[in-house]
Amino acid sequence: MGQHQHLNKTAESASSEKKKTRRCNGFKMFLAALSFSYIARALGGIIMKMSITQIERRFDISSSLAGLIDGSFEIGNLLVIVFVSYFGSKLHRPKLIGIGCFLMGTGSILMALPHFFMGYYRYSKEINIDSSENSTSTLSTCLINQIVSLNRTSPEIVGKGCVKESGSYMWMYVFMGNMLRGIGETPIVPLGLSYMDDFAKEGHSSLYLGILNAIAMIGPIIGFTLGSLFSKMYVDIGSVDLSTVRITPNDSRWVGAWWLNFLVSGLFSIISSIPFFFLPQTPNKPQKERKASLSLPVLETNDGKSQTANLTSRGKKITKNVTGFFRSFKSILTNPLYVVFVLLTLLQISSYIGGFTYVFKYVEQEYGQPSSKTNVLLDEFLKKMLQINGKFRGIVTLPIFASGMFLGGYIIKKFKLNPIGIAKFSFFTAVMSLFFYLLYFFILCENKSVAGLTMTYDGNNPVTSHRDVPLSYCNSDCNCDESQWEPVCGNNGITYISPCLAGCKSSSGNKKSIVFHNCSCLEVTGLQNRNYSAHLGECPRSDACLTKFYFFVAIQVLNLFFSALGGTSYFMLMVKIVQPELKSLALGFHSMVIRALGGILAPIYFGALIDTTCMKWSTNNCGTRGSCRIYNSTLFSKVYLGLSSVLRVSSLVLYIILIYAMKKKFQEKDANASENGSVMDEANLESLNNNKHFVPSAGADSETHY
């Protein structure tokens, strides 16, 4: 008998061990799958930002429209965030996350599809990719006293070309694909974190969250590497003979293989979705037990009366919940501290979103560095400054950001900052970030020297406006097409819009090494060596400008650090200024406002203002405006940096108002608490005088202590 009991106990302990192992393994599998989904999410986001300029050029659209495409991700997110937040916890969370990752991957692949249906990219109106003829023959030179009809297109062909180029509306597929990405990304964070918090060991959730955020940084590392690699590849790689392509990544018309970014990102997201479909709804119970437990309530409610009672009680509960929701919503909207906080973070985060969306375009226009080189130059700079081994390059900026986030949280915890202290600390980090940001104004390069846009065609006098710059005697008889953009760099250091407008009479060489000779507009600039030649492409920036770019990167690292340092304080401050039971609603409403007014609108109005600084627009065969070929770099910098600075300064003003209001509120609370304490003390003294034998009960003692 005893032996039998011993065997039963052994079997029970073995089964309990198996259950614990199953639960542990299920949760670990979920964490591993969630880590991959975090990487996929971050990878897709960084690739979108890096590809925005390439998309703008490929579809021949303005920066404001490109900003709308970028903001479509937030539109998709907003469409389903309420439903996911409410219904997600009631359904199979791992499967919902898996479906989200699959949709995110499908959206990325949809964004790449237009490349396969649009035909070859034409970087010039006169280029014929399918032609095997020498590229030099399509570049018009100065033909004095001759009527040029070779490169003029007949009205019939223009009409046909116009119909053909209506394919430029295929940017709508990119818009819809990015929106689908936003829909798919929605369940990953809220459902993933709630699942983790429900089934993690007590006190381990914060550790797992830190691990997830650390692993997620692999996504941007992969994104920057892939973005830099693919942007150096020509968009139609594998479809055209690359030896016939005469532009380089330094050309403002260059479009890299942006579609490869989205294909890789999409496939990675789809692969990351697979494990979620094999995970249980809860790691604590096997599949059979869960099905049985789910079927029990159905068996118990067969009686008609009990069903009616349940429906009635549920109806009352729903009405109560809806009423409670609106009451809670009114409570946070009538909380002045919360409203001020939402406004200031909206301004600050809008500055970050708009700035990051166009930072690659800014570097390209201001410092003459193509986006494919930006990340490489950043790594080279950090290698020189920090003496880091080459194999660790590319993973420096993200740890700097992570260390700022960690240090911010550590300072708040170490010094046990109260809400006012957290607000002051956040204000300090915002001031320091703004200080370093304003330093960008002191390291701007001179405006580009472009004949016909920033100076006269003879290259001797600057112009106040790039519009309608008159032709010079050096090219007025050349019968040039002034809408053409085929920049050449004269050996006088000035860029000319085309060989024809430079007055060049002949050319030699082929493809990318074409040299134009006898350029009459170079003669009038006072060039002494009488070698009046020009080569294909814009003139490069000076060495002094490249040095300023390195300073820009150094300041950007410091700016990034202080921005990250105050990142933790945002969330801490938000939950401190609302009632504890309203935290979730406050966080959700804040997220909705930031996504709607920051994530969607910021790229659009940043792009619209940047468009106003364009000096030369491309024109398609229909004669309509396309993408910008060259910007007034000085005006571009002032608009880009100025708008961001205005948003940040405005947020600092609201910070001061918030801190003042918080001080006033907490002082009133302290005053009320002290008054209540003095009244209670007087009442206690009076009762003691009236009854000398009074012995305070446990309840009275606790109340007095309170």
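Author: Let's talk about the nonpolar cores, then the aromatic rings. Keep in mind that this is a predicted model.

Reader: OK, which residues touch the most other members in the largest nonpolar core?
Author: Those are Y234, Y338, Y362, F552 and Y640, out of 100 residues in that core. Helix α21 (residues 633–690) supplies the largest share, with 11 residues.

Reader: And where does this core lie relative to domain 1 and domain 2?
Author: Between them, because domain 1 (22–122 + 169–278) and domain 2 (340–447 + 543–668) both contribute residues. There's also a second, separate core of 29 residues, with A451, Y457, C480 and Y496 among them.

Reader: Switching to rings: how many aromatic pairs?
Author: The count is 30. One of them is F116 with W259, an edge-to-face pair at 5.4 Å centre to centre and 70° between the planes.

Reader: What does that pair tie together?
Author: Parts that are 143 residues apart in sequence, since F116 is in the loop between α3 (93–112) and α4 (155–164) while W259 is in helix α9 (residues 258–273).

Reader: Is W259 buried or exposed?
Author: W259 is buried, at 9% relative accessibility. F116 comes out as partly exposed, at 47%.

Reader: Which residues are in the aromatic cluster?
Author: Y362, Y367, Y437, Y440, F549, Y550, F552, Y631, F636 and Y640 make up one cluster.

Reader: What lies over the face of Y437?
Author: R648 does, 4.2 Å from the ring centre. Elsewhere, R41 has its charged end over the ring of Y38, 5.6 Å from the centre.

Methods
Residues numbered from 1 in each chain as written. Predicted model: local features only at pLDDT ≥ 70, side-chain atom pairs only at ≥ 80, totals over all residues. Heavy atoms only, no water. Core = buried A, V, L, I, M, F, W, Y, C linked by side-chain atoms within 4.5 Å. Buried < 20%, exposed > 50% of the residue type's maximum accessible area, 1.4 Å probe, protein only. Helix = DSSP H or I, 4+ residues; strand = E, 2+ residues; numbered from the N terminus. Domains from an automatic or database assignment. Phe/Tyr/Trp six-rings, centres within 6.5 Å; stacked < 30°, edge-to-face > 60°. Lys NZ or Arg CZ within 6 Å of the ring centre and 35° of its normal.
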